[in-house]
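Subject: Structure handover

Hello,

Please find the structure below. My notes on it follow.

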Amino acid sequence: MAEAKKTTRKKTTRAKGGRPTVFTEEVIEKLQFAFSNDFNDREASFYAGINPSTLSRKLNEDEEFFNKMQPFKAKTRQKAKMVISGALNAGDVRTAQWYAEHRMNDEYSDKTVNDVNSKVDATVAVTPFDGMSKEEIRELLHGE
């Protein structure tokens with residue numbers, strides 16, 4: 001007797017309306033990986049093989065999913081801060097100088113910040129041609 005061939009299916013849940021969700025475990029893992037590596041939403045959606053508008057809609061409409069993705073979106077910043085902190089703790093003078101110039105720029109930066117707040121009165125000059133059509137101007141200038 002021949003045995004029936006077993007097939008494995010991806011476990012998917014069906015959304016209301018009967019359509020399977022695109023947010024399978026595999027897609028969610030790819031999104032988490034992408035966000036952990038500082039991909040933006042568009043890049044992450046392409047990496048995971050889904051439409052960017054589908055991801056955007058899911059993030060906007062599903063608070064639980066949104067909250068689940070946030071820690072992955074923060075990982076690159078956290079890694080960078082840990083590397084900087086490690087370098088500072090190891091006494092790296094160049095990192096300390098960079099940190100002081102960028103994070104304590106009011107005290108240590110060589111850059112000058114110009115804060116310009118002023119109003120500009122932008123009145124439009126009135127010309128003798130205001131209110132005239134192109135044809136009227138053409139006739140006046142060329143005598144047509």
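**The second largest pocket**

By class, five nonpolar, one polar and three charged residues make up the lining of the second largest pocket. Here Ala, Val, Leu, Ile, Met, Phe, Trp, Tyr, Cys and Pro count as nonpolar, Asp, Glu, Lys and Arg as charged, and the others, Gly among them, as polar. This is a predicted model, in which local features need pLDDT of at least 70 and side-chain atom pairs pLDDT 80 or more, while totals for chains, interfaces and linings use all residues. Residues are numbered from 1 along each chain as its sequence is written, and side-chain values use heavy atoms, without hydrogens and water.

The lining consists of Arg-77, Ala-80, Lys-81, Ile-84, Ser-85, Leu-88, Trp-98, Tyr-99 and Arg-103. Helix 4 (63-89) and helix 5 are the elements that give two or more residues to this lining. The largest share, six residues, comes from helix 4.

**Thr-95**

Thr-95 sits in helix 5 (residues 93-103); helices are DSSP runs of H or I with at least four residues, numbered from the N terminus. Is Thr-95 buried or exposed? Thr-95 counts as buried because its relative accessibility is 16%; buried means under 20% relative accessible area, exposed over 50%, and partly exposed in between (1.4 Å probe, protein chains only). Apart from neighbours within four places in sequence, Thr-95 is in contact (heavy atoms within 4.5 Å) with Ile-84, Ala-87 and Leu-88.

**Helix 7**

Gly-143 follows helix 7 and has a positive phi, near 65°.

Regards

Conventions
On a 1 Å grid over the protein atoms alone, a cavity is a set of points where a 1.4 Å probe fits but cannot get out, and a pocket is an open set with protein on both sides within 12 Å along at least five of seven lines; lining residues have an atom within 4 Å of a point.
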